[in-house]
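Student: Hi, could you walk me through this one? I'd like to take it piece by piece.

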Amino acid sequence: MWCNRGGSISTEPRINDRIRVPEVRLVGPSGEQVGIVPLAKALELAQEYDLDLVEVAASARPPVCKLMDYGKFKYESAMKAREARKNQAHTVIKEMKLRPKIDPHDYDTKKGHVVRFLKQGDKVKITIMFRGREQSRPELGYRLLQRLASDVEDLGFIESNPKQDGRNMIMVLGPHKKKTEAMAEAREAQAARKAERQGVAATDEEASEEAPVEVEETANEAAASAEVAEDAEAASHEASAEA
């Protein structure tokens, strides 16, 4: 916001020495009502509590001020705004274009995209493009749109019925799920996949920790076998010498 002289108007509340009134209605750190006090007294209390004096209702008479940690207040407000933006759902209209005589493989591919969009909670605008003599056969496009709507009826519904628009025919599909629900499910699925990956990693780590023990045991057995073989060979030599 800008004033007529070209300077910017701050939207932040006035704090401490920026407050320019003789007296304020003071609210304590815990929300308790202190009452109407001179500004100097309010600033003195702010110093005693090691807090800021923040003007929270400038239009009141006298203005309402509160004792608070303004830095912490700004940080918490920014985090709440960020979380609100994160959970905010924006309706998006995706578009998918088809030809009246589309081949089965291309149709399945296009339908897969429509399914993905509807699962994400987005609307889908389906456009059938007619060329040349196809324009005299609008029923081909109509039947194709009805077929697609039937194939995805578990995920979406016809929000706008097929209608001719020049050389195109248009239909809009709306999702059964709201955008916020789709976003929440996507986050849950992502968290589940992450937990699964961590579980697999932990299992692999445990297996790698157990492997050296098995190798060590095998090495010990081999050493013992070698020792037994050496003793047997020595006994055999002694027997031969005596003979």
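**Charged pairs, strands and patches**

Tutor: Let's start with E159, which has a relative accessible area of 39% and so counts as partly exposed. Buried means under 20% relative accessible area, exposed means over 50%, and partly exposed is in between, using a 1.4 Å probe and protein chains only. This is a predicted model, where local features need pLDDT of at least 70, side-chain atom pairs count only at pLDDT 80 or more, and totals for chains, interfaces and linings use all residues. Residues are numbered from 1 along each chain as its sequence is written, and side-chain values use heavy atoms, with hydrogens and water left out.

Student: OK, and which residue forms a salt bridge with E159?

Tutor: K123 does, and the closest N and O atoms are 2.9 Å apart. K123 sits in strand β6 and E159 in strand β7 (residues 156-165), so this pair ties together parts that are 36 residues apart in sequence. K123 is partly exposed because its relative accessibility is 23%. The rule for a salt bridge is a side-chain nitrogen of Lys or Arg within 4 Å of a carboxyl oxygen of Asp or Glu.

Student: Why would side chains like that pair?

Tutor: Side chains of opposite charge can pair when their charged atoms come close.

Student: How many salt bridges does the rule give?

Tutor: The count is 5. One of them joins K74 and E12, with 3.2 Å between the closest N and O atoms. K74 belongs to helix α2 (residues 70-87) and E12 to the segment before β1, so the pair ties together parts that are 62 residues apart in sequence. K74 is partly exposed at 38% relative accessibility, and E12 is partly exposed at 41%.

Student: What about E134, which side chain meets it in a salt bridge?

Tutor: That is R99, at 2.9 Å from N to O. The two link distant parts of the chain, 35 residues apart: E134 is in the loop between β6 (123-129) and α4 (138-151), and R99 is in the loop between β5 (93-98) and α3.

Student: And is E134 buried or exposed?

Tutor: E134 is buried, with a relative accessible area of 13%. R99, on the other hand, counts as partly exposed at 26%.

Student: Switching topic: how many helices and strands are in the chain?

Tutor: The chain has 5 helices and 8 strands, and along the sequence they follow the pattern β-β-α-β-β-α-β-α-β-α-β-β-α. Helices (H or I, at least four residues) and strands (E, at least two) are DSSP runs, numbered from the N terminus.

Student: How much of the chain is made up of buried residues?

Tutor: Buried residues make up 23% of the 243 residues.

Student: Why is strand β4 largely enclosed?

Tutor: In β4 (residues 64-68), 4 of the 5 residues are buried, so the rest of the structure largely encloses it.

Student: Nice. In which sense does β4 pair with β1?

Tutor: β1 (residues 23-27) and β4 pair in the parallel sense over 3 bridges, where pairing asks for at least two DSSP bridges between two strands. β3 (residues 52-57) and β4 run antiparallel and are joined by 5 bridges, with a hairpin of 6 residues connecting them. V64 in β4 is the bridge partner of R25, and V64 is also the bridge partner of A57.

Student: Now the surface: which residues form the positive patch?

Tutor: R82, R85, K86 and R187 form it. Helix α2 gives the largest share, 3 residues, and K86 is in α2. Patch residues have over 30% relative accessible area and no salt bridge, with like charges joined within 9 Å and nonpolar side chains (Val, Leu, Ile, Met, Phe, Trp, Tyr) within 5 Å.

Student: And which residues gather in the negative one?

Tutor: D103, D106, D108, D151, E153 and D154. Of these, D106 is in helix α3 (residues 104-119) and is partly exposed, at 36%.

Student: Last one: where does M169 lie?

Tutor: M169 is in strand β8 (residues 168-175) and is buried at 6% relative accessibility. Its C-alpha is 9.9 Å from that of P100, although M169 and P100 are 69 residues apart in sequence. In helix α4 you also find G141, which is buried at 0%. G141 and K101 are 40 residues apart along the chain, with 8.6 Å between their C-alpha atoms.

Note on methods:
Accessible areas come from the Shrake-Rupley method with a 1.4 Å probe; for residues, only the protein chains shown count as cover. Lys and Arg count as positive and Asp and Glu as negative; His and the chain ends are not counted. The place of a charge is taken as NZ of Lys, CZ of Arg, CG of Asp or CD of Glu.
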